[in-house]
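Thanks for asking me to look this one over. Here are my notes, point by point, to read alongside the model.

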Amino acid sequence: AHERRLAIYRMLVEQGPDGLPAGVIGERVGLVPSSLTFHLQSLQRAGLVSQLRASRQLIYSADYT
């Protein structure tokens with residue numbers, strides 16, 4: 001599980017402050033939505049990523065602070 005979270009975090013760091021929609025992240029790492037949510041919430045609780053709602057999409061980005 002940690003390998004998946006590391007892959008997600010690296011992807012978000014490389015993407016920059018604009019981040020990526022959850023669906024795109026899931027496609028790139030090959031995770032189903034329920035598993036992706038679990039990993040993204042873990043990263044968010046750890047303070048490594050932030051979440052922004054844009055209409056019906058959730059945009060995740062690396063928290064550089």
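1. **Overall layout.** The chain has 3 helices and 3 strands, and their order from the N terminus is α-β-α-α-β-β. Helices (H or I, at least four residues) and strands (E, at least two) are DSSP runs, numbered from the N terminus. Please keep in mind that this is a predicted model, in which local features need pLDDT of at least 70, side-chain atom pairs count only at pLDDT 80 or more, and totals for chains, interfaces and linings use all residues. Residues are numbered from 1 along each chain as its sequence is written, and side-chain values use heavy atoms, with hydrogens and water left out.

2. **Dimensions.** For 65 residues, a compact globule would have a radius of gyration near 11 Å, and the 10 Å of the chain agrees with that. The radius is taken over C-alpha atoms, and the globule rule is 2.2 Å times the number of residues to the power 0.38. Along the principal axes, the C-alpha atoms fill a box of roughly 25 × 25 × 20 Å.

3. **Helix H1.** (The expected span is 1.5 Å times one less than the number of residues.) Just after H1, Gly16 has a positive phi of about 95 degrees.

4. Which residues of H1 are buried? They are Arg5, Ile8, Met11 and Leu12, where buried means under 20% relative accessible area and exposed over 50%, with partly exposed in between (1.4 Å probe, protein chains only). These residues cover an arc of only 125 degrees around the axis, which puts them on the same side of H1; the arc is that of the directions from the helix axis to the C-beta atoms. On the other side, His2, Glu3, Arg10 and Glu14 are exposed.

5. **The core.** The largest nonpolar core has 14 residues, and Ile8, Leu12 and Tyr60 are among those with the most contacts inside it. H1, H2, H3 and S3 each give two or more residues to this core. Such a core is a set of buried Ala, Val, Leu, Ile, Met, Phe, Trp, Tyr and Cys residues joined through side-chain atoms within 4.5 Å.

6. S2 and S3 run antiparallel, joined by 6 bridges; strands pair if DSSP finds at least two bridges between them. Val49 has Ala62 as its bridge partner in S3. The hairpin has 2 residues between its strands, and Ser55 in the turn has a positive phi of about 60 degrees.
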